[in-house]
Amino acid sequence: MTRTLQSYIAGRWIGAEAAQTLRSAINGQPVAATHAEKIDFAEAVAHARRVGVPNLMQLDFQQRGERLKALAKFLIEQKEALYAESAHTGATRTDSWIDIEGGSGTLFAYAGVAAGDLPSGNVVHEGPVIPLGKKGGFAGTHILVPRGGVAVHINAFNFPVWGLLEKFAPSFLAGVPCIGKPATATSYLTELMMRKVIESGILPEGALQLVIGGTGDLLDRLDGADVVTFTGSADTAARLRVHPNVVRHSIPFNAEADSLNCAVLAPDVTPDDEEFDLFVKEVAREMTVKAGQKCTAIRRAIVPKSYVEEVAKRLKARLAKTVVGDPALESVRMGALASQDQKGDVGAKVAELLQSAELVFGERDGFAPQGEGVANGAFFSPTLLLARDPQADGGAHDIEAFGPVSTLMAYDGLDEAIALAAKGKGSLVSTIVTKDATTAARFVPAAAAMHGRILVLDRVAAAESTGHGSPLPVLKHGGPGRAGGGEELGGLRAVKHYLQRTAVQGSPAMLAAVTGEHVRGAPVNEDGVHPFRKHFEDLQIGDSLLTHRRTVSEADIVAFGGLSGDYFYMHFDEIAAKDSPFGKRIAHGYFVLSAAAGLFVSPAPGPVLANYGLDTLRFVKPVGIGDTIRARLTAKRKIDRNRKDAKGQGQGVVAWDVEVTNQNEEVVASYDILTLVAKRG
Ligand code: NDP
């Protein structure tokens, strides 16, 4: 009996009666069915608000980051079950790897974003604090806080696992519960992953709900605290973007839509160059990975007029070698499209493309999918076309065949290549294959306005390249115009989409209380205990030390020069220093830094375990011979990552504000130092 898929709404699985049958892309056999029961979307949204939001807000950025890491590990352990289900989508093992392990990898990456870029607590202080008055009593800054609403994530059929996880990870980290809606065609795989997620017990209740089937009146239930993200066709994006309730409540709507991405073979590359084959390989790979069902796939291959025939010849040879069929067979390199509907759609789009293009390689070239029962599968031959008039509008500049289909286009001169690239009207990604840095420097800025990401490929990059088609968690994914105008991923950037940015004005003391960070001018706490002698738990933001003074002498400068080997004229040449902007010899900036450390450290062993760096260092004023300096050290920010060292010693991160002043109380150096501080016990 076919499995009836269930939605996970308000903490329970819903669905017993079968509705639409979902079929295997390989042999057309039923895999699962959607459920007939209607979902109460008012309940789903209320659950996210009443249960999800408070549960997520009980955790902070660091704790949610830890949950993401735990979930990533758990899903990796469960991966074989997901691979088995993924086979029904027509995916090869490599295709599924992108989806399944790419999904867990994205969770890991966002756990890393929490550890590296986010504070403890639920307020991000974006800073810097900007003085707004002359006396230091009034200042402004920016904070980011969780939006307090729910994120609705609507996904395409091509990445049933990664698609949901790459949207879920940043929203969860931001403290925003999600309602995920996978595309129906492959929702059986998303549902299986969701079962694993719920089984794991790692996510707090309400953090993630799953909708199988349509979204009914879900969008009508949202308000201004919520967010909608969408991946799919430009048509659906255009419709949902202007949904009256989305418009009325100014609900952020992020879209990733179809995109006519291109790869350009630069004029400097000749058929004898390694780069020529790199280009051919990249185009062939993008045509065949996921059977071309990738929003980032190369739809337009733009090549110098003189090399069109050679590129076509080498591409044909590669495509002819690509064994298509049931990915269960070891020899198979390309699987099926996700469904018969997609097969029909891709066939129709190729027919449209052929009105302005020649067929270079396609079904007639001995296409015979391998495997049993594949006659009812959604297989489609790799199809290479050649545009008759690349300058003309329409054709491959407008029509996206979401399958293993690409169109060759000839150009004359780099400017024409740039113009052709732009004819896609906004793309997710473009690749330029070149050996020449000048060409890259010309192409990239000119093409950047119309592309979300640009890969510059040469033999050096190729050895480690992650490829044209792979969005990476650390880099922004999304493009302008036709590509939907959205932005996803990109590390911390994506988390910020689910946070509200607010400017805050007030006195330094108020800003310190609001941001949870010391702000200069706010009261400090000097209780007589050196701040370096306090354990992480005992240390309070604002704990401070004003050091004794030290007069800088010529002997200091000479000694520091000898020690460091830095004999720069400003410190050692009386005559040249007189002609300099300072008009006299001055101390090394690094001496001031070292002297300040000498003033503020508490030398005996204690809870401060390590100094691992400096941030925002500025030498504000010169320090001359005879100047007298002192330092103020103040605990500025504490981050508890629940880390222990190899010996099991718990520790947290503390950033200290350091201000070095001279005898006139003028700041001469300003910076943050970053330390690891031991916890008690
Ligand atoms: P659709 O735009 O039809 O569907 C995308 C998602 O939107 C699906 O989850 C779909 O659900 C949902 N959806 C459709 N209509 C509505 C609606 N009125 N309200 C709420 N949700 C809705 O795209 P497909 O998945 O069918 O793919 C078609 C095309 O999308 C491809 O040919 C390709 O051009 C493009 N695409 C782009 C991608 C990208 O990343 N840029 C990725 C994948 C596809 P349901 O499945 O239940 O209809």
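Here are a few questions and answers about strand pairing and nonpolar cores in this predicted model.

Reader: Glad to look at this with you! Which strand is joined to β27 by eleven bridges?
Author: Strand β27 covers residues 628–644, and its partner here runs antiparallel to β27. Within this pairing, Thr 634 stands opposite Asp 657. The partner, residues 650–661, is β28.

Reader: Which residue takes a positive phi in the hairpin of β27 and β28?
Author: This hairpin has five residues between its strands. One of its residues has a phi near 85 degrees, and that residue is Gly 648.

Reader: Where does β25 meet β27, and what is the bridge partner of Arg 550?
Author: Strand β25, residues 550–551, pairs with β27 in the antiparallel sense over two bridges. Strand β24, residues 544–546, also pairs with β27 in the antiparallel sense, over three bridges, and there Leu 546 stands opposite Arg 632. For Arg 550, the bridge partner in β27 is Ile 629.

Reader: Turning to the cores, which element gives the largest share of the largest nonpolar core?
Author: That core has 54 residues, and Leu 68, Leu 107, Tyr 110 and Phe 168 have the most contacts inside it. Elements giving it two or more residues include α2 (61–77), α4 (93–117) and α5 (162–173). The largest share is seven residues, and it comes from α5.

Reader: How many residues are in the other core, the one with Cys 262?
Author: This core lies apart from the largest one, and its members include Val 324, Val 346 and Val 350. Counting its residues gives 36.

Key:
Residues are numbered from 1 along each chain as its sequence is written. This is a predicted model: local features need pLDDT of at least 70, side-chain atom pairs count only at pLDDT 80 or more; totals for chains, interfaces and linings use all residues. Side-chain values use heavy atoms; hydrogens and water are left out. Two strands pair if DSSP finds at least two bridges between them. Helices (H or I, at least four residues) and strands (E, at least two) are DSSP runs, numbered from the N terminus. A nonpolar core is a set of buried Ala, Val, Leu, Ile, Met, Phe, Trp, Tyr and Cys residues joined through side-chain atoms within 4.5 Å. Buried means under 20% relative accessible area, exposed over 50%, partly exposed in between (1.4 Å probe, protein chains only).
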